[in-house]
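Here's a quick briefing on how the strands in this structure pair up. Have a look at the sequence and the 3D view first, then read on.

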Amino acid sequence: MSARTSKETRPPRRAARTGTAVAALLVAAASAATLVSCGGDDGGGGQASPRPTPTGPYTASFSGTPASALASLEESARARASAAASSASARASEFEASVSAEVARANAAARRELENVDGQGNAMADVSLTGKPRADTGDLLAVVVNITNSTDKTASYAVRVDFRDSDGKVVETRYVGAEDLAPGAKEQPLAITRTPAGQQLTAAITKAQRY
């Protein structure tokens with residue numbers, strides 16, 4: 001091969017340098033296009049990245065109650081307690097009022113009869129006590145005095161009931177009576193105390209007189 005032929009087949013150096021420059025320009029253009037499409041936030045052809053939306057504080061795991069809510073709850077609880085106390089007092093008054101005037105008169109007579117009785121009286125065997133649910137008395141402590149005429153003649157009865165505290169001290173005394181009971185007949189008057197429900201009391205018959 002001659003020296004001329006070798007020169008003709010060798011690629012020109014200028015053409016190689018031109019190809020390299022064009023390739024570099026294409027890479028730069030592609031990079032610029034990528035930046036515009038991903039990071040631009042103007043009104044151009046690229047899609048803008050979404051902006052974060054402000055949100056309020058996350059409260060799903062909060063265990064506290066706002067101060068205003070606590071105050072409202074406390075006020076509501078006090079109102080309910082006051083209403084319950086008033087209701088209980090009204091029920092107690094209604095229960096006491098349900099005792100007829102005739103029963104009240106008999107109880108007064110029983111008290112007078114027992115004033116002159118020494119000891120426990122002659123009719124302790126004819127009387128006994130039974131508890132009464134507070135739900136039926138407006139939360140008052142009341143006991144049923146069971147009086148049975150065990151004789152063969154008509155008789156009247158006077159009974160004294162003492163209410164004692166946990167120390168055995170008498171804090172209240174009630175009198176009940178039954179008049180003109182036929183032989184074998186039974187009456188069940190109530191002995192009611194106004195002592196507050198929170199105080200523990202025990203009722204006991206201390207006197208019973210048949211006359």
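**Strands and their partners**

Strand S3 (residues 155-164) and S4 run antiparallel and are joined by nine bridges. Strands here are DSSP runs (E, at least two residues), numbered from the N terminus, and two strands pair if DSSP finds at least two bridges between them. Keep in mind that this is a predicted model, where local features need pLDDT of at least 70, side-chain atom pairs count only at pLDDT 80 or more, and totals for chains, interfaces and linings use all residues. Residues are numbered from 1 along each chain as its sequence is written, and side-chain values use heavy atoms, with hydrogens and water left out.

**The open sheet**

- Three strands make up an open sheet, in the order S4-S3-S7, with antiparallel pairing.
- At the edges sit strand S4 (170-181) and strand S7 (202-210), each pairing on one side only.
- From one strand to the next, the twist averages 20 degrees (axes are lines fitted to C-alpha atoms, and angles run from 0 to 180 degrees between N-to-C directions).
- Val159 has Val176 in S4 opposite it.

**Strand S2 and its partners**

- Seven of the eight residues of strand S2 (residues 141-148) are buried, meaning under 20% relative accessible area (1.4 Å probe, protein chains only).
- Strand S1 (residues 127-131) runs antiparallel to S2, with five bridges joining them; Ser128 stands opposite Asn146 in S2.
- S2 also runs antiparallel to strand S6 (residues 190-193), over four bridges, and Val143 has Ala191 in S6 as its bridge partner.
- Strand S5 (residues 186-187) pairs with S2 in the antiparallel sense over two bridges, with Glu187 in S5 opposite Ile147.

Conventions: Buried < 20%, exposed > 50% of the residue type's maximum accessible area, 1.4 Å probe, protein only.
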